[in-house]
Amino acid sequence: MSEQRDERMPDLADRDSGPDAAHRRPEGVDDATVEALGKLSEALEVVEQARGFLYGFHRMTGKADLALGEAVGLLRDAGHEELAERIEREIVGRNVIEGRWTFQIVEDFDDDYYAAFKAAERDARDQLAEGRRHLFEAEMKEDRRTHGRRHHEARP
């Protein structure tokens, strides 16, 4: 089967000439700096994933509280007023951590930790690599891909 060229796509040779300018190491940036920025980026990605889990926890806890409220109503309908009253009083709308619902935890995380982490990572890139992102990964891609082969192009 022959590969057909899509007229909207640049020639393979154009796409195979290495990373675009935004992902090329600036003049004077050494290997150790690229490696350090790569590790910093990796750490930020882990924090991003943790943030996603935190938002998932927030949504799941909220859904559970709403379902619990429905369960209380069903218990009442089934004639279990005392049990329904106790669950409603003790658990429905309860703080998940002392004094806090999950939205407050998410806001504190975003404002106090996440924002500072993102700013530190951005500042490091700005100071050391002209703000360029993913230099380590771009260089890894160059090393690992099969140059000149379709689906191994350096860029879109």
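Which residues is arginine 24 in contact with, leaving aside its neighbours within four places in sequence? I started my notebook there.

**Ground rules.** I am working with a predicted model, where local features need pLDDT of at least 70, side-chain atom pairs count only at pLDDT 80 or more, and totals for chains, interfaces and linings use all residues. Residues are numbered from 1 along each chain as its sequence is written, and side-chain values use heavy atoms, with hydrogens and water left out.

**Entry 1: arginine 24.** I found arginine 24 in the loop between α1 (12-15) and α2; helices here are DSSP runs of H or I, at least four residues, numbered from the N terminus. With sequence neighbours within four places set aside, its contacts are Ser17, Gly18, Pro19, Arg132, Leu135 and Arg155 (contact means heavy atoms within 4.5 Å). Arginine 24 counts as partly exposed because its relative accessibility is 37%; buried is under 20%, exposed over 50%, and partly exposed in between, with a 1.4 Å probe and protein chains only.

**Entry 2: threonine 102.** Not counting residues up to four places away in sequence, threonine 102 touches Phe57, His58, Thr61 and Val96.

**Entry 3: the cores.** I looked next for nonpolar cores, meaning sets of buried Ala, Val, Leu, Ile, Met, Phe, Trp, Tyr and Cys residues joined through side-chain atoms within 4.5 Å. The largest has eight residues: Leu44, Val47, Leu54, Ile105, Val106, Phe109, Tyr114 and Phe117. Both α2 and α4 (102-129) supply at least two of its residues, and the largest share, five, comes from α4. Isoleucine 105 is in contact with Leu54, Val96, Ile97 and Arg100, leaving aside neighbours within four places in sequence. I noted a second, separate core of six residues, with Val34, Leu37, Ala129 and Leu135 among them.

**Entry 4: α2 against α3.** At what angle do the axes of these two helices cross? I read roughly 160° for α2 (residues 31-77) and α3 (residues 81-90), whose axes come within 8 Å; axes are lines fitted to C-alpha atoms over the stretch in contact, and angles run from 0 to 180 degrees between N-to-C directions. The two helices are therefore roughly antiparallel, a label for angles over 145 degrees. On the α2 side the contact is made by Leu68, Val72, Leu75 and Arg76, and on the α3 side by Glu81, Leu83, Ala84, Glu85, Ile87 and Glu88.

Technical notes
Angles under 35 degrees count as roughly parallel, over 145 as roughly antiparallel, 65 to 115 as roughly perpendicular and the rest as oblique.
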